[in-house]
Amino acid sequence: MLQGNPCCSLGELSRELRVSRRTIQNAVNAVTDKKFMYLRDELLLVRIKNLLASAPNTAIREVSLDAGYRSPRSFARAVRRACGISPQQLRSLIADELLARKI
C-alpha cells in the first residue's frame, strides 16, 4: 500500500490496516532498520523520479497529483524533505542523468 501511495501517512496506513501506528513503526524498523518516515520518503523519491523520467515535460502540478498529493505545495515540501531540493531542481538532475546515459 505504501509503495502504491508513498504520500500516505502513518495514521492513514494504521486505519487502513487496522493495526496500531506503533505496530507499523516497529515492523518497518525491524525489516528495514529505518523509521517509517524515511522509508516513505525513499519510496516517494523513487516514484517521483520514475514519473519525471517517463514524462520530463509534465508540469510539476501534474506530477504532484500523479504522486498522490492534493496540492503542489505539500508535494514540494515532501520532495524538499526527502532530498533537500525542489521538484524543479530534481527534474533538472534527472534530465541531466538521462542525457549523460545517452552519451
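## Starting with helix α2

Helix α2 has 12 residues and covers 16 Å from its first C-alpha to its last, close to the 16 Å expected at 1.5 Å a residue. That expected span is 1.5 Å times one less than the number of residues in the helix. Helices here are DSSP runs of H or I with at least four residues, strands are runs of E with at least two, and both are numbered from the N terminus. Just after α2, Asp33 takes a positive phi of about 60 degrees.

Before going further, a word on what you are looking at: this is a predicted model, in which local features need pLDDT of at least 70 and side-chain atom pairs count only at pLDDT 80 or more, while totals for chains, interfaces and linings use all residues. Residues are numbered from 1 along each chain as its sequence is written, and side-chain values use heavy atoms, with hydrogens and water left out.

## The overall fold

The protein chain has six helices and zero strands, so its pattern along the sequence, with helices defined as DSSP runs, reads α-α-α-α-α-α. Along its principal axes, the C-alpha trace spans about 45 × 25 × 20 Å. Of the 103 residues in the protein chain, 31% are buried; buried means under 20% relative accessible area, exposed means over 50%, and partly exposed is in between (1.4 Å probe, protein chains only).

Contacts are counted when heavy atoms come within 4.5 Å. Among contacts in the protein chain with a separation of 6 or more, 53% are between residues 24 or more positions apart.

## Helix α3 and its neighbours

Helix α3 runs over residues 36–54. With its 19 residues, α3 reaches 27 Å from first C-alpha to last, close to the 27 Å expected at 1.5 Å a residue. Its buried residues are Phe36, Leu39, Arg40, Asp41, Leu43, Leu44, Leu45, Ile48 and Leu52.

Which helices do the buried residues of α3 pack against? They pack against α1 (10–17), α2 (21–32), α4 (60–66), α5 (72–83) and α6 (87–102).

## Two nonpolar cores

A nonpolar core is a set of buried Ala, Val, Leu, Ile, Met, Phe, Trp, Tyr and Cys residues joined through side-chain atoms within 4.5 Å. The largest one has 13 residues, and those with the most contacts inside it are Leu44, Ile48, Leu52, Tyr69, Phe75, Val79 and Leu90. Two or more residues of this core come from each of α3, α4, α5 and α6. The most comes from α3, which gives four residues. Apart from this core lies another, of eight residues, among them Cys8, Leu13, Val28 and Phe36.

Leaving aside neighbours within four places in sequence, Phe75 is in contact with Ile48, Ile60, Val63, Ser64, Ala67, Tyr69 and Pro87.

## A tour of the loops

Arg18 sits in the loop between α1 and α2 and has a positive phi, near 60 degrees. Arg18 counts as exposed because its relative accessibility is 77%. Asp33 is placed in the loop between α2 and α3, and its phi is also positive, near 60 degrees. Is Asp33 buried or exposed? Asp33 is exposed, because its relative accessible area is 65%.

Further along, Ala59 is in the loop between α3 and α4 and is partly exposed, with a relative accessible area of 44%. Ala59 and Gln88 are 29 residues apart in sequence, and their C-alphas are 9.5 Å apart in space. Tyr69 belongs to the loop between α4 and α5 and is buried, with a relative accessible area of 12%. Tyr69 and Cys8 are separated by 61 residues in sequence and by 9.2 Å in space, C-alpha to C-alpha. Ser86 lies in the loop between α5 and α6 and is buried at 10% relative accessible area. Leaving aside neighbours within four places in sequence, Ser86 is in contact with Val79 and Arg80.

## Surface and charge

The accessible surface of the protein chain comes to about 6800 Å², and 51% of that belongs to carbon and sulfur atoms. These areas come from the Shrake-Rupley method with a 1.4 Å probe; for residues, only the protein chains shown count as cover.

The protein chain carries 18 positive and 9 negative side chains, with the centres of the two sets 5 Å apart. Lys and Arg count as positive and Asp and Glu as negative, while His and the chain ends are not counted. The place of each charge is taken as NZ of Lys, CZ of Arg, CG of Asp or CD of Glu.
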